[in-house]
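Welcome, and thank you for opening the viewer. Could you walk me through this structure, one selection at a time?

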Amino acid sequence: MNPTHTPLIQALQQCGLIAILRGVQPHEVVAIGHALYDAGFRAIEVPLNSPEPLASIRALRDALPADCLVGAGTVLTPQACADVAAAGGQVIVMPHSDPTVIRAAKAAGLACAPGVATLTEAFAALAAGADVLKLFPAEALAPAVLKAWRAVLRPPVALLPVGGITPDNLAPYAAAGASGFGLGSALYRPGDSAEQVARNAAAFVQAWRHTYPTSAV
């Protein structure tokens, strides 16, 4: 019920932090991508509501080592999955759990992380082929909710809270059973320099390594 997309699981095992670069522009994305990779990140997402997102995805894929996965976020349609694949993307991240988009991602050979907010959505997404589950928005899904989910969604099903995650609130989610995290504005805001992103990334990686001294997945 939970097909394992090996490159994605390997990336999460190295570092369970997914960078969300909403609003990044192609001319700056490579420097930011290198800053993230050097900090330890092995998964980077460019939301499709960013300026020229497919160009940024292609630039990242061409510039970064093969062990760093590059994907798209805010993917809403099956056609977008094909567009992302053509740009060199490897991961589809969704705010919702439309099974037609999940199946399109898998048909294109991509890993898929749909957004879910209920157990019903979670099980339906897994049945459609989801590789990991994005708990979204995490602000509305407290660690107590995640802990309750873990009673029926046991590992190796990976649960990744997204929304409002900071270095200071990783630990309660980790204790509840989080496998990793998607990081938005606390990591990158439009206009941030690569140097600022590097500082933010270092703080997140330090918190990750303190909270997860061994693999989380």
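A pocket here is an open set of grid points where a 1.4 Å probe fits, with protein on both sides within 12 Å along at least five of seven lines. Keep in mind throughout that this is a predicted model.

**Stop 1: the pocket.** Select I20, F136, V162, G163 and G184, which lie nearest the centre of the largest pocket. Its volume is about 240 Å³.

Stop 2: Next, colour the six strands of the open sheet, which pair in parallel in the order 5-4-3-2-1-9. Which strands sit at the edges? Look for strand 5 (111-113) and strand 9 (181-183), each of which pairs on one side only. Follow the sheet across and you will see a twist that averages 25° from one strand to the next.

Then zoom in on residues 43-47, strand 2, and residues 69-73, strand 3: these run parallel and are joined by five bridges. Pick P47 and you will find G73 of strand 3 opposite.

**Stop 3: a pair of helices.** Select residues 26-39 for helix 2 and residues 53-63 for helix 3; their axes come within 9 Å and cross at roughly 40°. The crossing is right-handed. To view the contact, show P26, V29, V30, G33 and H34 from helix 2 against A55, S56, A59, L60 and A63 from helix 3. Seven of these contact residues are nonpolar and three polar, with no charged ones.

Conventions. Residues are numbered from 1 along each chain as its sequence is written. This is a predicted model: local features need pLDDT of at least 70, side-chain atom pairs count only at pLDDT 80 or more; totals for chains, interfaces and linings use all residues. Side-chain values use heavy atoms; hydrogens and water are left out. Two strands pair if DSSP finds at least two bridges between them. Helices (H or I, at least four residues) and strands (E, at least two) are DSSP runs, numbered from the N terminus. Axes are lines fitted to C-alpha atoms, for helices over the stretch in contact, and angles run from 0 to 180 degrees between N-to-C directions. On a 1 Å grid over the protein atoms alone, a cavity is a set of points where a 1.4 Å probe fits but cannot get out, and a pocket is an open set with protein on both sides within 12 Å along at least five of seven lines; lining residues have an atom within 4 Å of a point. Grid points are joined across faces, edges and corners, and a volume is the space filled by probe spheres set on the points. A crossing is left-handed if the near helix is turned anticlockwise from the far one by less than a right angle, and right-handed if clockwise. Contact means heavy atoms within 4.5 Å. Ala, Val, Leu, Ile, Met, Phe, Trp, Tyr, Cys and Pro count as nonpolar, Asp, Glu, Lys and Arg as charged, and the others, Gly among them, as polar.
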